[in-house]
Amino acid sequence: MSIRRTAKSRRVVAAVSMAAAFALAVTACGGDDGGGETSHAGSSASSKPSEDGANGADEDTAAGDEVDSNAKLAEAKGQGGLTFVVNQVKRDSGGFVTVQGTIKNEGDQPKNSGGWGGAESAVVAANPNSVAGATLVDKVGKKRYYVLRDTESRCLCTTGILPLQPGKSTPVFMQFPTPPASTSEVDFTLPTFATTSLKIS
């Protein structure tokens, strides 16, 4: 009888010890994951463009946090009193061009981003309320450049744009493959806006 109790006690102690060791291991792993996430978030925040991306880009910067909103490199008139002012056009070392600007509603009715996402249904579905339909055209090189996308058709551009109330504006950005170094000027088009010429810095 005592032998059975002793064997049973040993099994219980062994089981409790294993459970404690397992819990300690899980806790340690959880701590490592948390540290990894913190480190990753810090590196993402410090890497700047290119923004809003995935995608190789830092969205906060590309959205215009470090862009002079008073700079006016070009302006394109849109439908219903909308105006798109380009604040910056910049080549980045990653092999792309970032266009940043501000869309303002100078009309007297609220305006939404309908049409700015382009005509491709897959792109529009992956990028609701976006500027994914923008293009650059190198007339000399006879080539058109579309907004960069990932494998799931998500653009490297501003998405989730809320309807613009009269007098309000919103910063936007979009990233394109970079034209050859010899190309210093391109035509920029955003659906429903007039085409405007941009110089690439």
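**Figure 1. Contacts around Phe188 in the predicted model.** Once neighbours within four places in sequence are set aside, Phe188 is in contact with Phe84, Val99, Ala134, Thr135, Leu136, Met174, Phe176, Ala194, Thr195, Thr196 and Leu198. The view comes from a predicted model, in which Phe188 belongs to strand β9, made up of residues 185-189. The relative accessible area of Phe188 is 1%, and this residue is therefore classed as buried, the limit being under 20%. Lys199 lies 11 residues from Phe188 along the chain, and the C-alpha atoms of these two residues are separated by 10.0 Å.

**Figure 2. The open sheet that includes β9.** Four strands form an open sheet in the order β7-β6-β9-β10, and their pairing is antiparallel. At the edges of this sheet are β7 (143-146) and β10 (196-199), each of which pairs on one side only. From one strand to the next, the twist averages 30°. Strands of a sheet pair through backbone hydrogen bonds, in either a parallel or an antiparallel manner. In the pairing of β6 (residues 135-138) with β7, which is antiparallel, there are four bridges, and Thr135 stands opposite Tyr146 of β7. Thr135 is also one of the residues in contact with Phe188.

**Figure 3. The aromatic pair of Phe84 and Phe193.** Three aromatic pairs are found when the whole structure is searched. For the rings of Phe84 and Phe193, the centres are 6.3 Å apart and the planes stand at 70°, so this pair is edge-to-face.

Figure 4. Trp116 and Phe193 form a tilted aromatic pair, for which the distance from centre to centre is 5.8 Å and the angle between the planes is 55°. This pair, too, links distant parts of the chain, with Trp116 in the loop between β5 (96-105) and α3 (121-126) and Phe193 in the loop between β9 and β10, 77 residues apart. Both members of the pair, Trp116 and Phe193, are buried. Through ring pairs, Phe84, Trp116, Phe188 and Phe193 are linked into a cluster.

**Figure 5. The largest nonpolar core.** This core holds 30 residues, and those that touch the most other members are Val99, Ile103, Met174 and Phe188. At least two residues of the core are supplied by each of β3 (74-77), β4, β5, β8 (169-177) and β9. The strand that gives the most to this core is β4, with four residues. Among the residues that touch the most other members, Val99 and Met174 are also included in the list of contacts of Phe188.

**Figure 6. Two loop residues with positive phi.** Most residues other than glycine have a negative phi. Asn129, although it is not a glycine, has a positive phi of about 50°, and the place of Asn129 is in the loop between α3 and β6. Because its relative accessibility is 43%, Asn129 counts as partly exposed. Lys142 is a residue other than glycine as well, and its phi has a positive value near 55°. Lys142 is placed in the loop between β6 and β7, where its relative accessibility of 76% means that it counts as exposed.

**Figure 7. The setting of the close-up views in the whole protein.** The protein has three helices and 10 strands, and from the N terminus on its elements run α-β-β-α-β-β-β-α-β-β-β-β-β. Of the 201 residues in the protein, 34% are buried. When contacts between residues at least 6 apart in sequence are considered, 58% of them join residues at least 24 apart. The protein exposes about 11600 Å², of which carbon and sulfur atoms supply 55%.

Definitions and conventions
Residues numbered from 1 in each chain as written. Predicted model: local features only at pLDDT ≥ 70, side-chain atom pairs only at ≥ 80, totals over all residues. Heavy atoms only, no water. Pairing = 2+ DSSP bridges. Axes fitted to C-alpha atoms, helices over the stretch in contact; angles between N-to-C directions. Buried < 20%, exposed > 50% of the residue type's maximum accessible area, 1.4 Å probe, protein only. Contact = heavy atoms within 4.5 Å. Phe/Tyr/Trp six-rings, centres within 6.5 Å; stacked < 30°, edge-to-face > 60°. Core = buried A, V, L, I, M, F, W, Y, C linked by side-chain atoms within 4.5 Å. Areas by Shrake-Rupley, 256 points an atom, 1.4 Å probe, with all protein chains shown as cover.
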